[in-house]
Amino acid sequence: FYKRDKIKTDLCIKDILKNIFFIFNPAGIKIIQNVKDCSVYAYKSELEQVILTILSNARDEFKNKNIKNPKIEINVDCDDEKVTISIEDNAGGIDKMILDKIFEKFFSTKNSSGLGLAISKEIIEKHYNGKIYALNTELGAKFVIEIPCKEKE
């Protein structure tokens with residue numbers, strides 16, 4: 001699924017989400033989308049991979065914690081400067097002891113390489129001069145991605 005596109009293009013976030021949900025199997029997960037009509041200048045496959053990593057991690061947490069009514073809420077907002085994508089689940093959040101480590105290379109709480117979120121952070125910060133971070137909410141974990149609308153000249 002992940003391959004580096006050769007050129008950045010203007011991408012509609014709604015289209016990116018449609019592509020992701022074609023691949024991502026949300027079986028039994030309620031997906032709520034509050035998505036403004038926003039575009040970002042990006043590599044399509046990279047942005048899809050970042051969002052897919054977050055969604056897959058949430059799906060894994062639902063299974064691990066046996067969440068009865070799993071839900072993911074995706075909000076997309078934009079202004080003249082940036083596009084903000086937030087993805088929140090209701091899986092109870094991330095242990096406070098590891099919250100500041102989840103974006104580190106090779107850090108994992110499961111049998112995986114521990115590279116998914118580390119690569120996501122590198123993509124957002126180095127390829128887009130953006131930000132990605134996670135926080136706990138009353139219901140679960142919330143990941144926020146902020147990407148400038150256009151590259152700085």
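## Sheet, helices and aromatic pairs

Helix α3 lies across β6 and β7 and runs at about 25° to β7. The angle is taken between N-to-C directions, from 0 to 180 degrees, of axes fitted to C-alpha atoms, for helices over the stretch in contact. Helices (H or I, at least four residues) and strands (E, at least two) are DSSP runs numbered from the N terminus.

This is a predicted model, in which local features need pLDDT of at least 70 and side-chain atom pairs count only at pLDDT 80 or more, while totals for chains, interfaces and linings use all residues. Residues are numbered from 1 along each chain as its sequence is written, and side-chain values use heavy atoms, without hydrogens and water.

Five strands form an open sheet with mixed pairing, in the order β2-β4-β5-β7-β6. Its edge strands, β2 (30-35) and β6 (131-136), each pair on one side only. Two strands pair if DSSP finds at least two bridges between them; β6 and β7 (residues 141-148) have six, in the antiparallel sense.

The structure also holds three aromatic pairs, with ring centres (Phe, Tyr, or the six-membered ring of Trp) within 6.5 Å; planes under 30 degrees apart count as stacked, over 60 as edge-to-face and the rest as tilted. Two of them are tabulated here.

| Pair | Centre distance | Plane angle |
|---|---|---|
| Phenylalanine 21 and phenylalanine 24, edge-to-face | 6.0 Å | 70° |
| Tyrosine 43 and tyrosine 128, tilted | 6.4 Å | 50° |

Tyrosine 43 lies in the loop between β3 (39-42) and α2 (44-64) and tyrosine 128 in α3 (residues 116-128), so this pair ties together parts 85 residues apart in sequence. Both tyrosine 43 and tyrosine 128 are buried, that is, under 20% relative accessible area, with exposed over 50% and partly exposed in between (1.4 Å probe, protein chains only).

Technical notes: Contact means heavy atoms within 4.5 Å.
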